[in-house]
Amino acid sequence: MDLIRLRDKYSIVGIGYTPQGRVPERSALSFYVEASANAIKDAGLRGEDIDGLICYRQFQPVANDVAVTPYLLAQHLGIRPTILSQESYCARGQFLHAISLIEAGFCKYVLISYGDNALSGGRSFAKGATNSEPTEDLAAFGESGRVAQFAMAARRAMHEFETGPKTWKEIAVNQRKWANLNPIAEMYDEPMTYEDYGNSSWVVEPFRVYDCCLVSDGGRACIVTSTERARDLRQPVVTIMGIGEHNPSVDIHQSDFMAGPTGAKAAGKTSLDMAGITIHDIDACEIYDCFTYTVEITLQDYGFFGPGEGKDWFKDGRTAPGGTMPVNTSGGLLSEAYFMGMTPITEGVMQLMGRCGERQLGAATGTKEPEIILCSDNGAVFQSFASLILRRL
Amino acid sequence: MSNGRPLPKPNADTAPFWEGCQRQELRFQKCLQCGTVRWPPSIICPRCHSMDTQWIVACGRGVIYTYVVYHVAFHKAFQGDLPYVTAVVELGEGPHILSNIVNCAPHELRCDMPVEVVWEKVIRQFTLPKFKPVRGANHDTGSGT
Ligand SMILES: [Zn+2]
């Protein structure tokens, strides 16, 4: 598979933010629309330039919201793209699809968008029963969703190699330090100590509240185009140096990859091979972090450390501000805001563009000036995995 | 009465399993070509794509592959059960199924612990397979048939 011909050929050219955190009285659609319009503006494009539109899936609508579709988003943006698409159940193919559409000649500028009003709408991953009545047979056993399913994987990992709260508290605390440098992070004003982590209540053991991602109102969008076109646009050029996907697909209850190797291993290898580099060339990571354990197993499968060595690897702030391998520099899904894979991927782009203010990698945070950042996105419960290597040209 | 608990909703694929539960039998499909015992139910074998299938009754013994302890009730009907345990049980025949572990304090559980099925009648139409530790079991005998 000779993907090296695609290395650096495509770039991410505009990032769209919205107010985020707790932003009441807003529909999910409004966040998709605002983030998308801001991404278009940020790139220096006009609405009519967008000929491809790909939405992340929307969770079940809350309040009296309508379900967000690409049709609806295009209508509200006043655009008529050549291609409309939306992932059906977190199969994280957005960036690879965007590149493929441009490479094949169907599109020039592909907009990727996500939004939700989860926090104000009362959607919950970690608190009591505010979600809709479950439809799956497993609910008869009291089985409820993502926290428990990732916790099952984490428990199996504790059995197969040395991991657990000692490793995860380092991840949670290191990421919180990044959030404390990020004024738009939900946890900007809330420092976290190891004691805070240990005192946070159990949700589904072995996970505590501080092992779980946030729930957020807000949205995030970005635009993919050719690097050739990117050079004429407003922002510094950040290319997709490598990209890979892998979809083990099996439901977590029947999976044999709870303790790895997850899709990160094969997807990571594909992306590194395409980029023609090894993990030793990576300056920082932006890792999909729905739970602390997800960060550990992803970096372990990428090859940053061996099974069970994370306990020492994350110590002494290696991934925190000032550390030698910064991870999740916005605070991530754990401490900034939850916008699926858009949280890590857009942060990687913003860091390479040099637009991150107080949390900017380089001299400002006592870290290496970044040239190459490894990002990941993860769908369902380790069933889908995407790896992106971003580079500042 | 189910006390407001969600109940299984048998469909064309899963009905034979739930009918088996009513008779206190753990039924799974076995591929007659390659011998794979599969879960969830399907029209073909995921290993060899044969449609040649027979329903078998599993022995009801296995080991805990993994487990978690709920400290939050995401569905209000389970509030009174907290803390409760859900687990993936690896049955002797191979399938991994989700269930509850009963008759055991959560902190005595561990992965690979041998367990056996116990039947819990929820309402007249539904009996659920749950699992309890096999007392005094040798650690290695859980996967026998
Ligand atoms: Zn077969």
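What is the strand order of the open sheet of three strands in chain B? The order is 2-1-3, with antiparallel pairing. The edge strands, each pairing on one side only, are strand 2 (37–38) and strand 3 (53–57) of chain B.

The views below show a predicted model in which local features need pLDDT of at least 70 and side-chain atom pairs count only at pLDDT 80 or more, while totals for chains, interfaces and linings use all residues; side-chain values use heavy atoms, with hydrogens and water left out. Residue numbers start from 1 along each chain as its sequence is written, and chains are lettered from A and ligands numbered from 1 in the order in which they are written.

**Figure 1. The three-stranded sheet of chain B and helix 1.** Helices (H or I, at least four residues) and strands (E, at least two) are DSSP runs, numbered from the N terminus. Strands are paired if DSSP finds at least two bridges between them. Strand 1 (residues 27–31) of chain B is joined to strand 2 of chain B by two bridges, and the two run antiparallel. B:Lys30 is placed opposite B:Val37 in strand 2 of chain B. Helix 1 (residues 15–22) of chain B lies across strand 1 and strand 3 of chain B, at about 135° to strand 1 of chain B. Axes are lines fitted to C-alpha atoms, for helices over the stretch in contact, and angles run from 0 to 180 degrees between N-to-C directions.

**Figure 2. The interface of chain B and chain A.** In contact (heavy atoms within 4.5 Å) are 35 residues of chain B and 34 residues of chain A. The two chains bury about 3,000 Å² between them, with 58% of it on carbon and sulfur atoms.

**Figure 3. Polar links across the interface, and the chain B side of it.** The rule finds one salt bridge (a side-chain nitrogen of Lys or Arg within 4 Å of a carboxyl oxygen of Asp or Glu) between chain B and chain A. B:Asp112 forms a salt bridge with A:Arg156, and their closest N and O atoms are 3.5 Å apart. A polar contact is a pair of N or O atoms within 3.5 Å; within protein, one must be able to donate a hydrogen and the other to accept it, and residues adjacent in sequence count only if both atoms are side-chain atoms. Across the interface, 18 residue pairs are in polar contact, both residues at pLDDT 80 or more. The elements giving two or more residues to the side of chain B that touches chain A are strand 4 (61–70), strand 5 (84–91), strand 6 (96–100) and strand 8 (126–133) of chain B. Strand 4 of chain B gives the largest share, six residues. This side of chain B divides into 22 nonpolar, nine polar and four charged residues. Here Ala, Val, Leu, Ile, Met, Phe, Trp, Tyr, Cys and Pro count as nonpolar, Asp, Glu, Lys and Arg as charged, and the others, Gly among them, as polar.

**Figure 4. Strand 4 of chain B and its pairing with both chains.** Two bridges join strand 5 (residues 202–205) of chain A to strand 4 of chain B in the antiparallel sense. A:Val204 is opposite B:Tyr70 in strand 4 of chain B. Within chain B, strand 4 is joined by three bridges to strand 7 (residues 114–123), and the two run antiparallel. B:Arg61 stands opposite B:Glu116 in strand 7 of chain B. Strand 7 and strand 8 of chain B pair in the antiparallel sense over eight bridges, and a hairpin joins them through two residues.

**Figure 5. Cis peptide bonds and a positive phi.** Most residues other than glycine have a negative phi, and most peptide bonds are trans. The bond from A:Glu205 to A:Pro206 is cis, with omega near 15°; A:Pro206 is found in the loop between strand 5 and strand 6 (207–208) of chain A. B:Trp39 and B:Pro40 are also joined by a cis peptide bond, with omega about 0°. B:Pro40 is in the loop between strand 2 and strand 3 of chain B. A:Asn328, not a glycine, has a positive phi of about 60°.

**Figure 6. The nine-stranded sheet of chain A.** This open sheet has the order 3-2-4-7-1-8-11-10-9, with mixed pairing. Strand 3 (83–86) and strand 9 (284–286) of chain A each have a single partner strand, so one side of each is left without a neighbour in the sheet. Neighbouring strands of the sheet are turned by 25° against each other on average, direction ignored.

Note on methods
Buried area = accessible area lost by both parts, 1.4 Å probe.
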